[in-house]
Amino acid sequence: MDTAPDRNVLFVVMDTVRKDHLSCYGYDRDTTPGLDGFADEAAVYEEAVAAAPWTLPSHASMFTGLYPGDHGATQENPYLEGHATLAQSLDEHASSCYSSNAWITPYTRLTDGFDDQDNFFEVMPGDFLSGPLARAWKTMNDNERLRKLADRIVEIGNVFHERLAGGGGADSKTPAVIDQTIEFIDESDEPFFSFVNLMDAHLPYHPPEEHREQFAPGVDSTQVCQNSKEYNAGARDISEAEWESIRGLYDAEIHHVDAQLHRLFKWMRANDEWEDTLVIVCADHGELHGEHGLYGHEFGVYDPIVNVPLMVKHPDLEPGRYENQVELVDLYHTVLDHAGAEGKGVKFDPNRSLLSDSYRDFDGGENAFVEYYRPVVELNQLESKATEAGIDLPKNSRFYSRMRAARRPDAKYIHNERIDDEAYRLDTDPGEHDDLAGEDDPAIAAVADALSEFEAQRDPWSTAAGGSDDEVLSEMGGDAKQRLEDLGYIE
């Protein structure tokens, strides 16, 4: 491990971006001309696996080096508590976190340790809800009487937000996020750790006109299905023509992300901030557009959601395409390795660093694991859409099921809590169409055994903490609820 703590880190998450919709991964539409160039100087991983299929636990895993069942930040307990983050471990770096994602805020504790942060609280700046104030804010929201005061504060903030904010949702903030990142790097007199989350590709899709006209000409984004819960509940059908429009809007959003990242990278090159900087670009999870009868990134752990893009540029990392399987949870150790930090929570493990010659050199290193706990918040809207349409959602269905999976490039085994397990040979069936659970297949048996061993180290689901949707939502302030509503999680 390099002991010099003076190397810079830029960590970019393209929220909800599918690997197979990036031209740098072979997509036949030119969605990522900027990243195509970046890929020429980076390690491009074909088999990167996210630890969870949605934002909060996936980011918590990248920030702590722990799987969701270990760090505990799920919708059943939407806080990261008791675990040191990357930002806290890189305390000798100037650090920033800029995002418009409602789950990456002081409220969830994901921003602990960052010197500067901004999020969807566009009127209440990031530093207002950081550190001790974040804990005080959580205490207020946890107390019945104090929560009324907190909600009133948020109501006042919302009035100013409506008058002063841009009003275009997460997408409109993307250029500002890049501007903030450039300003932060430019003003840093010490090594920097800058984290960015760009939300464009998350539902709802309302791309800027110049990008929409290139990828979805003539499509009115207000006339296509932008509520995945309507489709998943069976309350709305989507024709193939409408899917094409949806995918076009999605591609336009990715093109917008690419343009903004290209602007950031161009500035860094021109200002001597590029050569010695570790640059990570990945997605926290992907998205389903009708595959397996699902829309969005809930209720499954299929590959379009968890096999994500990952590109890493580092002075000592050979550019090229890498076919070996990697886990996003290992980015924690990769950043520690580059920065020369030991880790204030999970200690640095060279066998978990992408920069190490001994990467994944441990027993079971060929396996990746995914965990999905009960989607408490999503169920609120899903059940509402089903009720409106007179549809009864069976409790023993994937909508109420926790899931765990073990994956290798050739095979995957999924343990579902309330429905039958699933198993797929990814080498011959990458679309995961033919369920081989219960059949005699050596690759399936190997990942099933690996998953059993992984689960044996965790609490059984019957003892996992979990609250109702009302209990989880009651702990959120009004502004947080509004942002989740904007993103389609609740209504």
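**Exercise 1. Locate R109, and decide from its relative accessible area whether it is buried or exposed.**

Solution. R109 is placed in the loop between β3 (94-99) and β4 (116-118), where helices (H or I, at least four residues) and strands (E, at least two) are DSSP runs numbered from the N terminus. The model is a predicted one, in which local features need pLDDT of at least 70 and side-chain atom pairs count only at pLDDT 80 or more, while totals for chains, interfaces and linings use all residues. Residues are numbered from 1 along each chain as its sequence is written, and side-chain values use heavy atoms, with hydrogens and water left out.

The next step is accessibility, for which buried means under 20% relative accessible area, exposed over 50%, and partly exposed in between (1.4 Å probe, protein chains only). R109 has a relative accessible area of 15% and is therefore buried. Its backbone has a positive phi of about 75°, although R109 is not a glycine.

**Exercise 2. Classify the ring pair Y67 and F369, and state where its two partners lie.**

Solution. Apply the ring rule: rings of Phe, Tyr and Trp (its six-membered ring) pair if their centres lie within 6.5 Å, and planes under 30 degrees apart count as stacked, over 60 as edge-to-face and the rest as tilted. By this rule there are 20 aromatic pairs. In one of them, the ring centres of Y67 and F369 are 6.1 Å apart and the planes stand at 85°, so the pair is edge-to-face. This pair links distant parts of the chain, since Y67 is in the loop between α2 (55-64) and α3 (68-71) and F369 is in strand β11, 302 residues apart. Y67 counts as buried at 9% relative accessibility, and F369 likewise counts as buried at 10%.

**Exercise 3. Describe the sheet that contains β11, and the helix that packs on it.**

Solution. Two strands pair if DSSP finds at least two bridges between them. Four strands form an open sheet in the order β11-β12-β13-β14, with antiparallel pairing. Its edge strands are β11 and β14 (422-424), each of which pairs on one side only. Angles run from 0 to 180 degrees between N-to-C directions, and axes are lines fitted to C-alpha atoms, for helices over the stretch in contact; neighbouring strands of this sheet are turned by 10° against each other on average, direction ignored. β11 and β12 (residues 403-408) are joined in the antiparallel sense over five bridges, and Y372 has M403 in β12 as its bridge partner.

Helix α14 (residues 442-456) packs on this sheet and touches β11, β12, β13 (411-416) and β14, its direction making about 45° with that of β13; contact here means heavy atoms within 4.5 Å.

**Exercise 4. Which polar contacts does the side chain of D441 make?**

Solution. A polar contact is a pair of N or O atoms within 3.5 Å; within protein, one must be able to donate a hydrogen and the other to accept it, and residues adjacent in sequence count only if both atoms are side-chain atoms. D441 is found in the loop between β14 and α14, and with a relative accessible area of 14% D441 is buried. Its side chain makes a polar contact of 3.1 Å with the side chain of R425, and also reaches the backbone nitrogen of I444 at 3.0 Å.
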